[in-house]
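Please walk through this structure with the model open beside the text.

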Amino acid sequence: MNIQGATSDFKIQITKTESIEVLENLRIKYLGRKGLINSFIEELKKVEIPDRKILGPKINNLKKYIEEQIELKSKYILDKDEKEELIDITLPGKKYPKGSLHPTTIAIEEISNIFKKIGFIPVSYPEAEWEYFAFEALNMPKGHPARDDFETFFLDEAEDKKYGKIILTPHTSSGQNREMNRVKNPPIRMINIGKCYRPNWDSVHNPMFYQFEGLCIDKNINITNLKGTIDYFVQQFFSEHRKTRLRPFHFQFTEPSFEIDISCGICKGLGYLTGGETGKKTKCKVCKSGWLELGGAGMVHPNVLKKGGIDPNHFSGWAFGFGVERVYMMKEGLMLDDIRILYSGQIEFLNQF
Amino acid sequence: MNIKITYNWLLDYLDTEADPYEIQKYLSLCGPSVESVEKIHGDFVFDIEITSNRIDTASVYGITQEALAILPQFNKKTFIKFDPLKNFIFKKIRQEDEKKLDIEIKDPNLVSRISAVVLSDVKIGDSPKKLKQRLLDCGINPINNVVDVSNYIRIALGQPCHIFDYDSIGGSKMIIRKSTKGETLTTLDKEKVVLPGDDIVISDANGNLIDQPGIMGAFNSSVKSDTKNIILFVPIFNGQMVRRTSMLTGKRSDSASYFEKGLDEERTEATLVYGYTLLKENARAVVSSKIIDIYKNKYKPRKIIVTFSQISNLIGQNIDKRDTVEILKRLGFNVTRKKDTLEIIIPSYRKNDIFIKEDVVEEVARIFGYYKISSNLQSFAYVPEQKDFQKINNATLEIKKYLKHIGLTEIINNSMISKDQIINAKLNENDHIKLSNPISIELEYLRTSLIPSLLVNIKNNLGKQDTMALFEIAKTFHRQKDDLPKETTKLTIMTNTNYFDLKGIIEALFSELNITDVKFEEGTSELLASKKQSKIKINSKDVGNLGLINKDIRNNYGFYKNIYIAELDLFNIIQESKKLPEYKKPSSFSTVKLDLTVKNLNYEDFKLKAFANSQYLQDIKVLDKYQDNITFRLFFSSYVKNLTEKEALKELVKIKKEI
């Protein structure tokens, strides 16, 4: 048990110590569970009692001394760190992983939260759907020219006698009849967000796209309620700078029917862009004269209510169907002018979200 | 469909204070949407969207009728200047009996009215400049002074007509009948059309088909440069039949898009007389036959009864009763008011669009102005949700966000893939549902797995980023007998790192979802390398696979890095997930940590045996892997006492013995 030697060893070592990590190792070496001080205490047990009385306080003093020195040194190192060590504060920090959510996912979450607040429940219905739910149930019997407005992909599968062919649903409205069948008795407050498919492929159309469909059926539902809901949505989702307008339109499954437009976010409602080195005006390729169609809406047609087993004499309702990408493309700040990029899997694009 | 008309043409019929831009604005707010106004050489061209139920508005006259109803609502005085329906009547034609024309209708279902007349001594040439210019402005190429008239009156009045070369019709006879399958004719554009059968056709006395009715004229009876005598032919064909033939033969035309939407029988008279008037002026045509007018079932005006309160209930606010009546009258309805009830007579040109009282409410509301209707949210109501949907919906979003936060990129791909993609991913083409009308071979089959899409994503992004970790969540489609395809939502993750990186992602995700009973067993997927794959089980239920892609697939895509895939059934995972973990009480006694290095051993086996042989073992961590050596750190503690190092070492010896 060389207390003297241990003391001078420690003094030499602590003088050389310049970092917290080395200091910690020193602490373990002397004060740790298997450290020098503990080994002295073990040895002490074997020493005769009189010697023990002399050695005991010495060991104790050494222990205190080491503790004090380590604390002092620790303060010294930390203070020095604060005062003296120069760092380039502009260097980047440690990199943590950053992934990305698809912009459509972000849009869907935002939309469904907006509607949840006013009591609309999200639902999910088939993407590969019977023709019946997309057309017949929506007051568009076989051969009706209105079906042309919803160009449709057909699947090369067997036809059903009652429900017709299997299609890729061209709109979320196919969920209307399904939701009436599920709930049976109004009230109905549905928000159906899902993939839809139509055979178009250009800067504003991808063959697969998302729609969100609102359906509200109850006693005394009227046009002011539809307007109230659309206004609420537009106020929540877009900025106050954006204008909307309701125009007359026609859908077989609503009466009256409306088309809802929002002023274009790319050309700021002008219908043209001024740009390039020449400063020439070029037609905005996204909108029509400064307006972009958000989508259709209307009061649920009595025939549609009847097909869903709901008595149009007691209940009325409204419905709307908007394109998720469309409303997202129109969002302030995003300035997205080609919908196809969303589903092209380019990580340089996606990683920005 | 869209039509183009010009402002000056509109002023042939209309007197209004509104300028072209006001017309655009007000019509768009209350009626047909005027998508653009283009100023050209002293006139303005309106491009107007016509909704499929309002084919009656697809003409200069139709827009006139709408303007008469709408513009006064904005305090723009608007009157009819010249009404072609009142002016172009049969009486204006002096009939002759010099040339005969025989029209026989075999089936009254094919055609509801035909008005026709033979005109002679036409001089084929150019149309007058003004007429040609108007056609050009409206997007139609002028051809000659006869054909141009048929296009001109269609735009003016919305009723297509056809002009035949009288002398090329055998026996001066037209027989309107149903076709038999396989009959052929050559249309004006010199295309041979094979008829599907049960189409409307017109043949002459010699049995030659002389027209594809409602769609396009036949070449054999068309007006040519030496044509002398013509038939001006204004029919109302059965719209559904025209549509069917047009769809089945793939022949579309302006005319077909009018007929198929249902036209007004009452308008053939004005169309015939207006057509004759123009042919007389432009081609010096003279009448040489009697007017043929076959019209069996005259339109019986429909009557709709609606109360003011029904109107205000559906709109949600009161509209002045006198205004309501005014609006309906301006729209051309005959209205009788009896106290609070309105009896409304629907004119023939609205017979295909106004059937029920809701249709009348729409008319009142739109002319009143949707923009003026107030805005009120409906009251709240509770509706029960689809079973488990909330849990699935919330968990799906949580999963997406978690994967994003640990560095993965979410991808959404088209649900359809190509045959090449199926083959390159070593999947079976027969398992895939095919589209019968794909728009591209790139998008021909519905996915049964998200792997083919993600492989393409990796390929397209090669070299853009050193490490890639992508995921997609989407439905896959699986054929079922006598039912819709089964839609299974899959979560697929793909990385270009290594097996343990991907496994780590999955373990971290499961831990986030508080899924505990997870096993990775030897897998058998053909898509994956046989020695580097596993089957993932939660509570002994298969939830998916994980592993290195098989080298054939790697070669198919020319990858120069190994690609790792995991494909999981999302709903199975969500079912096993818990909102909160099972709470485990922290031990208040000390923990002894001991390290152990072993060679050549299966971790799963080791874990099972270790826990089975020590009651104090709480946890095992892998410290280090080097070649065949693995160093574990074992954590021993007790819930009732402080464990000594000796006791822990004894436990370690027990474990060592078993392995």
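The largest nonpolar core has 234 residues. A nonpolar core here is a set of buried Ala, Val, Leu, Ile, Met, Phe, Trp, Tyr and Cys residues joined through C-beta atoms within 7 Å. A residue is buried if 20 or more other C-beta atoms lie within 10 Å of its own, exposed if 12 or fewer, and partly exposed in between, with C-beta atoms placed from the backbone. B:Leu119, B:Ile230, B:Leu232 and B:Leu279 have the most contacts inside this core. Helix 9 of chain B (residues 268–283) supplies its largest share, eight residues. Helices (H or I, at least four residues) and strands (E, at least two) are DSSP runs, numbered from the N terminus.

This is a predicted model, in which local features need pLDDT of at least 70, side-chain atom pairs count only at pLDDT 80 or more, and totals for chains, interfaces and linings use all residues. Residues are numbered from 1 along each chain as its sequence is written, while chains are lettered from A and ligands numbered from 1 in the order in which they are written.

Which residues does B:Leu279 contact, leaving aside its neighbours within four places in sequence? They are B:Leu119, B:Val122, B:Val146, B:Val149, B:Leu232 and B:Ala285. Two residues are in contact if their C-beta atoms, placed from the backbone, lie within 7 Å. A second core is separate and has eight residues, including B:Val592, B:Phe632, B:Phe636 and B:Ala648.

Now take chain B as a whole. Its secondary structure comes to 20 helices and 32 strands. Its radius of gyration is 39 Å, well over the 26 Å that the globule rule gives for 659 residues, so chain B is more spread out than a compact globule. The radius is taken over C-alpha atoms, and the rule is 2.2 Å times the number of residues to the power 0.38. Along the principal axes, the C-alpha atoms of chain B fill a box of roughly 125 × 60 × 50 Å. Buried residues make up 42% of the 659 residues. Among contacts in chain B between residues at least 6 apart in sequence, 69% join residues at least 24 apart.

Chain B is divided into domain 1 (2–82), domain 2 (90–294), domain 3 (302–371), domain 4 (389–576) and domain 5 (592–658). These bounds come from an automatic or database domain assignment. The C-alpha centres of domain 2 and domain 4 of chain B are separated by 59 Å. Chain A is divided into domain 1 (3–83) and domain 2 (103–350). Their C-alpha centres lie 76 Å apart.

Next, the interface. The contact takes 74 residues from chain A and 76 residues from chain B. On the side of chain A, helix 8 (residues 223–237) gives the most, with eight residues. That side has 37 nonpolar, 19 polar and 18 charged residues. Ala, Val, Leu, Ile, Met, Phe, Trp, Tyr, Cys and Pro count as nonpolar, Asp, Glu, Lys and Arg as charged, and the others, Gly among them, as polar.

Look at helix 8 of chain A itself. At 1.5 Å a residue, its 15 residues should span 21 Å, and its end C-alpha atoms are 21 Å apart, which agrees. The expected span is 1.5 Å times one less than the number of residues. Its buried residues are A:Ile223, A:Asn225, A:Leu226, A:Lys227, A:Thr229, A:Ile230 and A:Phe233.

Now the backbone details. Most residues other than glycine have a negative phi, and most peptide bonds are trans. A cis peptide bond joins A:Pro186 and A:Pro187, with omega about 10°. A:Pro187 sits in the loop between helix 7 (174–183) and strand 5 (188–197) of chain A. The bond from A:Glu255 to A:Pro256 is also cis, with omega near -5°. A:Pro256 is in strand 8 (residues 254–263) of chain A.

B:Ser172 is not a glycine, yet has a positive phi of about 45°. Is B:Ser172 buried or partly exposed? B:Ser172 is partly exposed, with 18 other C-beta atoms within 10 Å. B:Gln627 also has a positive phi, near 50°. B:Gln627 is exposed, with 7 other C-beta atoms within 10 Å.
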